Amino acid sequence: MTVVTRFAPSPTGYLHIGGARTALFNWLYARHHGGVFRLRIEDTDRQRSTDAAVEAIIDGLGWLGLAWDEEIVFQFARAPRHAEVALAMLAEGRAYRCWATPEELEEMRARAKAEGRPIRYDGRWRDRDPAEAPPGIKPVIRLRAPQEGETVIHDLVQGEVRVANEQLDDMVLLRGDGTPTYMLSVVVDDHDMAVTHVIRGDDHLTNTFRQTQIYRAMGWDVPEFAHIPLIHGPDGAKLSKRHGALGVEAYRDMGYLPEALCNYLLRLGWGHGDEEIIPIEQAVAWFDLDAVGRSPSRLDFDKLDNLNGHYLRQADDQRLLQALLPFVADAAGGTPDAVGMERLARGMAGLKVRARTLKELAALAAFYVRRRPLAMDEKATRLLSADARALLGRLLPGLAAVDGWNAEAVESAVRAFAERAGAKLGNVAQPLRAALTGSSVSPGIFEVMEILGRTETLERIGDVAQAV
């Protein structure tokens, strides 16, 4: 048997972080078993579905590296096929037409609510003669669901779950206007797409009982189900807008790398011993559903930051440079020119070990591409006292005379100056850092001087020394 999984989002907004984890688990399971991972867009809600949301989903999956197999299936386009299945069940007596009026259905709901019972259709048209149908009412088609026994699901995460059939009513398959319901559409699409494993959030667990009944009514093989716990916020509450960063694009805009986010999502509800750093190739080799936990997972941004810092340090410098550009442009107030790009490229190794996100990296790197005179942050301003500025002014001639501009040569010159001036190296290096970067934090200052080059270094020091 070829394993076939699917990710089936509704295009009513961004790619939710919980949906991204569901997609990741489906992708990993298919890849681990040498199977097929498919994408279906469940766009039957025509009022809320948008092309922009479809693009956001596709873009988000592409950014995460979760490539699907075969063509995308759009659910709305398959409505005639869904209706065909409902009519086939009707012809075989496994479904029936129901002419209950809106008023009757409202009366049922009100009575059930008043009596403290679950709201369920009472089956009044299940065995009634269609000749009694009232005029002017377009019937719906309902499943003739079993009324005795149980529907049992052997869930690959939740274990055996069962419900008494008397608790499930005869659900609508086809509305009065001929449009199929979600329950029917999902089952038909999963069957026609040859889906063998449905891996989704446990908020769909109650739907699975009803969907299983449709499979059995059609005589189709029921897929394996795996319902994974939802992701909660740091406070343990259900993830909502107040927790922020719900969409994948928000994490990209916050400066996370896709491989770090995938690693983090993988560890939200799945584990392999004490392993925390799990590259995607290793995840494919290890992933299976028996290691998925049953308890909800909590977002932990510190853990995500630490993971992202690891992947930043491991990333190829040129690839990182391209990913960094929009963040640097924002931090530096403009797109770097060729000289700035060259400085960033040379300085990347010293920068990336100090950051946990691309945003942090851009803030650290911006001094390489900013134009003179540099703006100083509060700490840099404090370091550049009148005495410190005068000291840097006296340093300038020695630096200008350095033979061969590299980190070792400039360090030797600065150390020699500090010794002559009777100052500690730090008392020279810290104002020097402030003058060259506008900050009190940077990579090694002599590395910075080498990368900035002789002319830029001397001019930045000169800007500060002249302000005495």
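What volume does the largest pocket have? I looked this up before anything else, in what is a predicted model, and found a volume of about 870 Å³ for the largest pocket.

**Entry 1, the largest pocket.** I listed the lining and counted 30 residues, with H16, G18, G19, D203 and H204 lying nearest the centre of this pocket. I then asked which elements give two or more residues to that lining, and noted β1 (4–7), α1 (17–32), α5 (182–192) and β9 (197–201). The largest share belongs to α1, which contributes five residues. Sorted by class, the lining of the largest pocket comprises 13 nonpolar, 10 polar and seven charged residues.

For T5 in particular, I recorded F37 as the bridge partner in β2.

Is H227 buried or exposed? I noted it as buried, because its relative accessibility is 0% and the cut-off for buried is under 20%. I then checked its side chain for polar partners and found a contact of 2.6 Å with the side chain of D155, and another, of 3.2 Å, with the side chain of R200. Leaving aside residues up to four places away in sequence, I found H227 touching D155, V157, Q158, R200, G201, D202, H204, L205 and T208. One of these, H204, I had already written down as one of the residues nearest the centre of the largest pocket.

For the second largest pocket I noted a volume of about 370 Å³. Its lining holds 20 residues, and I marked L105, R109, Y121, R142 and V172 as those nearest the centre. I found that α4 (102–114) and β5 (140–143) each supply at least two residues of this lining, with α4 giving the most, four residues. By class, I recorded 12 nonpolar residues, one polar and seven charged in the lining of the second largest pocket.

Note on methods: Residues are numbered from 1 along each chain as its sequence is written. This is a predicted model: local features need pLDDT of at least 70, side-chain atom pairs count only at pLDDT 80 or more; totals for chains, interfaces and linings use all residues. Side-chain values use heavy atoms; hydrogens and water are left out. Buried means under 20% relative accessible area, exposed over 50%, partly exposed in between (1.4 Å probe, protein chains only). A polar contact is a pair of N or O atoms within 3.5 Å; within protein, one must be able to donate a hydrogen and the other to accept it, and residues adjacent in sequence count only if both atoms are side-chain atoms. Contact means heavy atoms within 4.5 Å. On a 1 Å grid over the protein atoms alone, a cavity is a set of points where a 1.4 Å probe fits but cannot get out, and a pocket is an open set with protein on both sides within 12 Å along at least five of seven lines; lining residues have an atom within 4 Å of a point. Grid points are joined across faces, edges and corners, and a volume is the space filled by probe spheres set on the points. Ala, Val, Leu, Ile, Met, Phe, Trp, Tyr, Cys and Pro count as nonpolar, Asp, Glu, Lys and Arg as charged, and the others, Gly among them, as polar. Two strands pair if DSSP finds at least two bridges between them.
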